[in-house]
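This report goes through selected features of one protein model. Please look at the sequence and the structure before reading on.

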Amino acid sequence: MPPRRRTDPADGRVALAAWRADPAQAGARRTAVRFTLEELADVAPGNSVEVRVPPDGAVQAVEGPRHTRGTPPNVVETDPQTWLQLATGALTWDDAVANGRIRASGARADLRDWLPLQAARARP
């Protein structure tokens, strides 16, 4: 069963638009990060990868062995700006990895198949 959404999708899209207009706006950024993490959990349901975007949020996603205790074997961690750039398609996974903007460990810690998120892409 997918996790229950805490961010209304309409509010998430508004927050993404506000973040695009002013990336320094902390409230919009926080909501946009949580919304996009929830989107990732919807499109890649599971518990094998923990995606951390401190200080704004974290989610478990990607099908595979369930993690229950201690440090997960598959972790992706990045800052909020990088995460939102990945989620919206402004930055590719390969470029973020090459530039050291993502810390990823574990065999399943590659999210390029799910990024960018369709719900987060810029609308014309």
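How many salt bridges does the count come to? The count comes to seven. The model is a predicted one, and the values below are computed from it.

**Salt bridges**

Side chains of opposite charge can pair when their charged atoms come close.

| Pair | N to O distance |
|---|---|
| Arg-52 and Glu-77 | 3.9 Å |
| Glu-77 and Arg-103 | 3.7 Å |
| Asp-110 and Arg-112 | 2.8 Å |

The side chains of Arg-52 and Glu-77 form one of the salt bridges. Arg-52 belongs to strand S1 and Glu-77 to strand S3 (residues 75–78), so this pair ties together parts that are 25 residues apart in sequence. Glu-77 also forms a salt bridge with Arg-103. Because Glu-77 lies in strand S3 and Arg-103 in strand S4 (residues 102–105), this second pair ties together parts that are 26 residues apart in sequence.

Are these side chains buried or exposed, or in between? Buried means under 20% relative accessible area and exposed means over 50%, with partly exposed in between. Arg-52 has 25% relative accessibility, so Arg-52 counts as partly exposed. Glu-77, at 23%, counts as partly exposed, and Arg-103, at 47%, counts as partly exposed. In the pair of Asp-110 and Arg-112, Asp-110 is partly exposed at 30%, and Arg-112 is partly exposed at 38%.

**Two packed helices**

Two packed helices are described by the angle between their axes and the distance between the axes. Helix H2 (residues 26–43) and helix H3 (residues 80–88) pack at an angle of about 50 degrees, and their axes are 10 Å apart. The angle makes H2 oblique to H3. Their crossing is left-handed.

From H2, the contact is made by Arg-29, Ala-32, Val-33, Thr-36, Leu-37 and Leu-40. From H3, the contact is made by Pro-80, Gln-81, Trp-83, Leu-84 and Ala-87. Sorted by class, the residues in this contact are eight nonpolar, two polar and one charged.

**Val-49 and its surroundings**

Val-49 is part of strand S1 (residues 49–53). Val-49 counts as buried because its relative accessibility is 1%. Apart from neighbours within four places in sequence, Val-49 is in contact with Val-59, Gln-60, Ala-61, Val-62, Asn-74, Val-76, Arg-108 and Ala-109. Val-49 and Val-33 are 16 residues apart in sequence, and their C-alpha atoms are 17 Å apart in space.

Val-62, one of the contacts of Val-49, is found in the loop between S2 and S3. At 5% relative accessibility, Val-62 counts as buried.

**Backbone exceptions**

Most residues other than glycine have a negative phi, and most peptide bonds are trans. Where are the cis peptide bonds? One joins Pro-54 and Pro-55, with omega at about 5 degrees. Pro-55 sits in the loop between S1 and strand S2 (57–61). Another joins Leu-115 and Pro-116, with omega at about 0 degrees. Pro-116 is in the segment after S4.

Val-62 has a positive phi, near 75 degrees, and is a residue other than glycine.

Notes:
Residues are numbered from 1 along each chain as its sequence is written. This is a predicted model: local features need pLDDT of at least 70, side-chain atom pairs count only at pLDDT 80 or more; totals for chains, interfaces and linings use all residues. Side-chain values use heavy atoms; hydrogens and water are left out. Axes are lines fitted to C-alpha atoms, for helices over the stretch in contact, and angles run from 0 to 180 degrees between N-to-C directions. Helices (H or I, at least four residues) and strands (E, at least two) are DSSP runs, numbered from the N terminus. Angles under 35 degrees count as roughly parallel, over 145 as roughly antiparallel, 65 to 115 as roughly perpendicular and the rest as oblique. A crossing is left-handed if the near helix is turned anticlockwise from the far one by less than a right angle, and right-handed if clockwise. Contact means heavy atoms within 4.5 Å. Ala, Val, Leu, Ile, Met, Phe, Trp, Tyr, Cys and Pro count as nonpolar, Asp, Glu, Lys and Arg as charged, and the others, Gly among them, as polar. Buried means under 20% relative accessible area, exposed over 50%, partly exposed in between (1.4 Å probe, protein chains only). A salt bridge is a side-chain nitrogen of Lys or Arg within 4 Å of a carboxyl oxygen of Asp or Glu.
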